[in-house]
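Thanks for sending this one over. Here are my notes, written to be read with the model open beside you.

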Amino acid sequence: FSIETDDLNLKDRIVSPRMLAIRYLIFASVVVLLMCLIVPPFAAPDEMVHMLRAASLASGQVLPVTGPERVVGGKADAAAIEFDRIFEPTARNAAPMPAEVAVKARQLAWAHKPEWTFFPGTAPYGPALYLPQATGLFLGRSIGLSVMRTYQFTRILTALTAIGLASIAIAAADRGVFVLAVVLLTPQFLF
């Protein structure tokens, strides 16, 4: 009887939701950090508009508004808008960025001047979803990082926030913890 109890305790320690959450946190963090370093800026289809929405929030505009031509948008730092323009020709392309684009992007400094920009398709998402990204953009701008360095820092901060929240969800799960962990390891979630 004690051998079975010991086996059960060992199994609980190895595959408990808490242990699974720790393993997930470590594995997913490594994968996501590598992806942040390898995947070029704005390779995801809608990353540009979401970055502009977060930049608007980081500039103090909590909710988007309907602007010219009835398009949803807001005010964001002019440098964030220029950063978007620099990458527009290569956006949604997972290929390495051309050297001239990289040079322009690395040299771009924050303007500290708000300008109107549009970010269609982001209005349904509340500002809370943009807090990690907006925080990263605000901090990077405040401490004098270039726009490119701020973007990289923000990308990592946002990814690690999502991984942390996912780990908490796994640790709190009772039933279906393995299914949850598998779903949270899919490329759709990790990217």
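1. Start with G73, which sits opposite F118 of strand 3. This is a predicted model, so please read the pairing as a feature of the prediction. Strand 3 covers residues 114-118 and runs antiparallel to strand 2, with five bridges joining the two.

2. Strand 2, residues 72-77, also pairs with strand 1, residues 65-66. That pairing is antiparallel too, and two bridges hold the record of it. If you want a residue pair to look for, take T66, whose bridge partner in strand 2 is V72.

3. The hairpin of strand 1 and strand 2 has five residues between the strands. Have a look at E69 there: its phi is positive, near 60 degrees.

4. Now for the largest pocket, which holds about 1100 Å³ of space. Its lining counts 28 residues, and those nearest the centre are Q133, T158, A162, F189 and F191.

5. Which helix gives the most to the lining of the largest pocket? Helix 7 does, with nine residues. Helix 7 spans 147-172, and at least two lining residues each also come from helix 2 (17-38), helix 3 (47-58), helix 6 (131-142) and helix 9 (187-190).

6. How do the lining residues of the largest pocket divide into nonpolar, polar and charged? There are 19 nonpolar residues, six polar ones and three charged ones. When you colour the pocket by residue class, those are the counts to expect.

Notes: Residues numbered from 1 in each chain as written. Predicted model: local features only at pLDDT ≥ 70, side-chain atom pairs only at ≥ 80, totals over all residues. Heavy atoms only, no water. 1 Å grid on protein atoms, 1.4 Å probe; cavity = no way out; pocket = protein on both sides within 12 Å on 5 of 7 lines; lining within 4 Å. Points joined across faces, edges and corners; volume = space filled by probe spheres on them. Helix = DSSP H or I, 4+ residues; strand = E, 2+ residues; numbered from the N terminus. Nonpolar A, V, L, I, M, F, W, Y, C, P; charged D, E, K, R; others polar. Pairing = 2+ DSSP bridges.
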